[in-house]
Amino acid sequence: MTDCNFSSAGTQEQPIAGYESRLFNDKGFTLKIRPINPNDTDAWIIFVNGLSPNSKFYRFHHIIKDVCAKDAQPFCSIDYINSFALIAELVQDGFPEIIAVGRYTRINESTNAEFAIVVDDDFQRRGIGAEIMKDLAKVANMNKITTFEGYTLIENYEIINFLKKCGFLLKIVPRTAMQHVSFPTDRMVGVRGFEPPTT
Ligand SMILES: CC(C)(COP(=O)(O)OP(=O)(O)OC[C@H]1O[C@@H](n2cnc3c(N)ncnc32)[C@H](O)[C@@H]1OP(=O)(O)O)[C@@H](O)C(=O)NCCC(=O)NCCS
């Protein structure tokens, strides 16, 4: 896979809100990371309904029934500044297939945003989540969001491992069933241009 960057990587599309879609190869598949748009609602519904109960629960924090077009609309129609979502889709003939979504939503008018990410169960542990999450942090930072935060289920140690592996500098505050996780969007250990400041 390519390193986290904003190069066009061979696509002919115009950037959306400054983000240039990029392609990378993953074990025989060509994937594209790009911002979501309103035409993605059908693919988004298929993606969410196809997640395992565990991934749905970790992502949405409760048991969700199948989603429909009305549910999809706010997830696919975003302003690309205060709310942003990147998807990874399989590049193939016919209907595009979403296999991962990472998003942020600014909290009120602050410089903090809530983040969320989920990867199709068949495509987890292949580096796709990390590719999206690092790009999402860069986009957020360009849009003057300095901190990502969110509640994760206390048993979801995977997301903590994942965020640490991405290089984010986590602050974790445990609660009863959840933990509050926050981290700067502009500091990632080991990511060029995003090193923590020297003290
Ligand atoms: C958490 C999640 C987004 C990770 O996405 P992913 O594409 O599988 O992650 P990556 O392949 O990029 O993993 C990067 C690193 O994170 C860590 N990691 C990822 N998944 C992990 C897991 N299940 N257990 C332990 N560590 C894990 C590993 O260190 C991994 O590197 P490695 O494979 O070289 O060891 C994905 O597992 C997922 O969708 N989970 C369900 C939804 C969820 O929990 N969302 C978070 C709340 S919003």
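A: A residue counts as near a molecule if its C-beta atom, placed from the backbone, lies within 6 Å of it. Keep in mind that this is a predicted model.

Q: How many residues surround the ligand, and which are the closest?

A: The ligand is surrounded by 21 residues. Tyr58, Gln124, Gly129, Ala130 and Asn161 are the closest.

Q: How do the shell residues divide into nonpolar, polar and charged?

A: Sort them by residue type. Around the ligand, 9 are nonpolar, 7 are polar and 5 are charged.

Q: Now a single residue. Where is the place of Ile64?

A: Look between helices. Ile64 sits in the loop between α2 and α3 (69-76). Its C-alpha atom is separated by 9.1 Å from that of Asn49, and the two residues are 15 apart along the chain.

Q: Why is Ile64 partly exposed?

A: Count the neighbours. A residue is buried with 20 or more other C-beta atoms within 10 Å of its own, and exposed with 12 or fewer. Ile64 has 15 within 10 Å, so it is partly exposed.

Q: What pattern does the chain follow along the sequence?

A: Start with the elements: 5 helices and 8 strands. In sequence order they read β-β-α-α-α-β-β-β-α-β-α-β-β.

Q: What share of the chain counts as buried?

A: Of its 199 residues, 30% count as buried. For contacts between residues at least 6 apart in sequence, 57% join residues at least 24 apart.

Terms used: Residues numbered from 1 in each chain as written. Predicted model: local features only at pLDDT ≥ 70, side-chain atom pairs only at ≥ 80, totals over all residues. Nonpolar A, V, L, I, M, F, W, Y, C, P; charged D, E, K, R; others polar. Helix = DSSP H or I, 4+ residues; strand = E, 2+ residues; numbered from the N terminus. Contact = placed C-beta atoms within 7 Å.
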